[in-house]
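I opened a new notebook page for this structure. These are the things I looked up, in the order I took them.

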Amino acid sequence: MSATPLLELRGIDKSFGPVQVLRDVAFAAYPGEVTALVGDNGAGKSTLVKCISGIYPTDAGQFVFDGRPVNIHSPRDAAALGIEVVYQDLALCDNLDIVQNMFLGREKRSGIVLDEPTMEQMAAETLAGLSVRTVKSLRQHVSSLSGGQRQTVAIAKAVLWNSRLVILDEPTAALGVAQTAQVLELVRRLADNGLAVVLISHNMNDVFAVSDRIAALYLGQMVAQVKTTDITHAQVVELITAGRSGGLGLTGESATNGNGAAPADSTTGGVS
Amino acid sequence: MRVGPSQDEIRRQNLGALLRFVHVHGATTRAELTTALGLNRSTIGALTADLAAAGLVTEGAPRETGRAGRPSLVVRPESDRVFAYAYSIEVDRLRAARVGLGGAVLDRRELDRPRGLTAAEAAPLLAGAVKEMRQALPEDAVCVGAGVAVCGMVRRDDGLVRLGPTTGWVDEPIGAALGTELGVDVPVTVGNVADVAVFAEHARGAAAGCDNVIYLYGDVGVGAGIIAGGRRLTGHGGYSGEVGHMVVARDGARCECGNRGCWETEIGEHGLLRAAGRSDARGREAMLAVFDAADRGDAQAQIAVRQAGDWLGFGVANLVNIFNPEMVIFGGTMRDLYLAAAAQVRSRLNSNGLPACLEHVRLRTPKLGADAPLVGAAELAFDRLLADPLDVS
């Protein structure tokens with residue numbers, strides 16, 4: 001629960017040709033906290049994440065990482081800062097085992113051969129640090145793992161590299177109830193271990209179960225970023241679908257950025 | 001008139017503090033112990049030697065540090081040798097385990113518990129499980145005590161289970177029954193399941209370092225283990241924390257305790273299954289089936305889960321307003337309910353909680369998972385050892 005954000009974005013603009021996808025977006029992710037990024041389809045969540053991870057260049061705006069202004073031009077820049085992204089498709093290779101997957105493309109070497117013992121130990125320590133008990137052997141192929149276990153491996157892979165900010169894109173989509181619960185606990189544990197976590201989700205349960213802050217995008221604008229203790233389910237749904245809720249979100253016609261730091265008006269208190 | 005603690009008392013206190021530190025934190029170097037306990041190096045050396053002679057800790061060379069200077073010796077708890085038996089008596093199952101110093105579960109057995117089984121009937125079953133575990137015991141192993149976690153109200157003085165509405169027990173001396181059955185000449189300490197679970201999570205789980213914690217444990221009923229100001233809240237007789245019997249609805253459903261409208265009639269097993277239209281089903285599996293059905297789109301199950309989540313939020317808001325905890329942990333079936341209906345729980349909590357009390361409250365699930373009652377029961381037994389290490393061992 002730190003007062004200074006690890007990553008802060010200010011005034012981000014991004015267009016694809018004539019289509020402006022992000023408009024003056026401000027966003028912050030804090031160490032030790034889970035920040036949920038919510039928004040309807042096409043609101044700009046994925047584009048924002050791709051700007052953070054260096055896949056898309058931005059048209060305008062500032063990145064501040066750990067209090068210093070930085071430029072992120074490529075995924076390599078992002079990785080150097082300790083920013084890792086776990087995409088929905090997980091990007092794991094079915095025909096490789098867990099250790100090989102975790103070190104894929106960044107293998108440890110000793111001399112000219114691969115340093116298997118070190119890699120295996122690092123993988124084991126990372127999984128143990130996350131209190132992962134569901135994986136039996138580190139040498140089983142990823143093809144033999146369940147959906148929840150795959151997600152676990154993908155997340156462990158992201159935190160292996162002394163990462164400081166981990167972005168998770170819909171980690172519980174397509175998982176059953178029990179596995180969703182395990183992945184949510186893992187997400188929470190990442191933040192409790194001191195990482196800044198950004199969780200993209202459409203599922204309000206997941207968002208409320210683990211997040212400390214909720215950032216809502218509406219048609220390319222950041223309409224509110226509020227603490228999870230100051231907002232209700234109904235208000236978040238309003239922000240996602242209408243861009244405003246009571247005193248939160250867009251105000252009037254000309255609003256460009258409702259950088260909603262004001263506490264939520266909790267009088268609505270509706271529960272669907 | 002006493003002037004101050006004697007040399008002997010100070011030494012006993014320091015031995016306990018050192019052993020507790022390695023028990024909770026695992027292998028620690030002498031240098032770290034010196035800083036953590038605020039004792040000088042030679043004292044740490046002497047204390048460690050005493051504990052090692054008693055067979056409670058070992059000292060060994062550390063792993064390569066890569067730094068200059070003579071490496072400090074590492075003190076490890078004798079986790080494989082020194083252990084306590086831990087039992088957990090739950091609504092649908094009985095569990096017995098051997099927990100080593102340091103909190104690792106070394107061996108475990110699990111049995112189904114038919115509903116309505118009395119303490120006198122449960123004790124031989126648990127004793128049988130212990131006999132099995134004893135056969136695999138290393139030769140030099142030392143048992144320092146036994147602890148029991150039970151779903152029911154436990155008298156602090158003697159561990160008598162006064163009332164367990166969910167187990168159907170009234171005035172059952174489970175501690176004594178287990179003691180005679182096991183034939184172990186070590187005392188058996190009994191505690192309420194939520195109380196021992198919060199003890200475990202506070203020592204080595206999600207709530208480590210938090211001094212104001214509420215652990216909500218749910219099965220058929222709901223109970224809370226509460227730590228306030230770093231101490232367990234026990235109440236006068238040891239019965240505090242029966243939050244499941246907060247009356248939340250004046251003309252609500254009939255509770256097993258005899259009242260109407262208790263909180264657990266809305267968020268416990270019966271309430272959820274009733275709302276989902278599955279009144280004839282029972283047990284944790286049936287509850288999980290409702291969450292699963294809700295996830296797959298069963299409308300009635302979804303309504304039941306949302307309602308229960310809303311009610312959970314009501315009660316948690318009350319508790320947060322009264323106790324101002326920094327963490328609320330959802331254990332047992334409350335974990336599943338919280339994760340399945342977090343949007344409702346949080347929305348209701350945020351609406352009904354007082355802003356100042358809500359400010360720093362964190363909602364978490366148990367780090368120790370379903371092992372918390374066992375680890376906590378063992379903590380009860382270790383407590384005696386840690387108070388006076390050389391006497392007990």
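I began with Ile322(B), which I found in helix H10 of chain B, residues 299–323. The model is a predicted one. Is Ile322(B) buried or exposed? Ile322(B) has a relative accessible area of 60%, and it counts as exposed because the cut-off is over 50%. I then noted that Ile322(B) belongs to a nonpolar surface patch with Leu233(B) and Phe323(B). Together the three have about 260 Å² of accessible area.

I stayed in chain B for helix H11, residues 333–340. Seven of its eight residues are buried, so I wrote the helix down as mostly covered. I listed the buried ones: Thr333(B), Met334(B), Arg335(B), Asp336(B), Leu337(B), Tyr338(B) and Leu339(B).

Next I turned to chain A. I read an average pLDDT of 85, with 92% of the residues scoring at least 70. I marked residues 253–272 of chain A, where pLDDT stays under 50. For that stretch the model has 44 contacts beyond four places in sequence.

I checked the UniProt record, an unreviewed entry, which places "domain: ABC transporter" at residues 7–244 of chain A. Over those residues I noted 34% helix and 29% strand, with the end C-alpha atoms 25 Å apart.

Last, I looked up backbone angles in chain A. Glu170(A) is not a glycine, yet its phi is positive, about 45°. I placed Glu170(A) in the loop between strand E9 (165–169) and helix H6 (177–192). Glu170(A) is buried, at 11% relative accessible area. Leu219(A), also not a glycine, has a positive phi near 45°. Leu219(A) sits in the loop between strands E11 (213–218) and E12 (221–227), and is exposed at 54% relative accessibility.

Terms used. Residues are numbered from 1 along each chain as its sequence is written. Chains are lettered from A and ligands numbered from 1 in the order in which they are written. This is a predicted model: local features need pLDDT of at least 70, side-chain atom pairs count only at pLDDT 80 or more; totals for chains, interfaces and linings use all residues. Side-chain values use heavy atoms; hydrogens and water are left out. Patches are made of residues with over 30% relative accessible area and no salt bridge: like charges are joined within 9 Å, nonpolar side chains (Val, Leu, Ile, Met, Phe, Trp, Tyr) within 5 Å. Accessible areas come from the Shrake-Rupley method with a 1.4 Å probe; for residues, only the protein chains shown count as cover. A salt bridge is a side-chain nitrogen of Lys or Arg within 4 Å of a carboxyl oxygen of Asp or Glu. Helices (H or I, at least four residues) and strands (E, at least two) are DSSP runs, numbered from the N terminus. Buried means under 20% relative accessible area, exposed over 50%, partly exposed in between (1.4 Å probe, protein chains only). pLDDT is the predictor's confidence in each residue, from 0 to 100. Contact means heavy atoms within 4.5 Å. UniProt positions are given in the numbering used here, feature names are shortened, and annotations may be inferred rather than shown by experiment.
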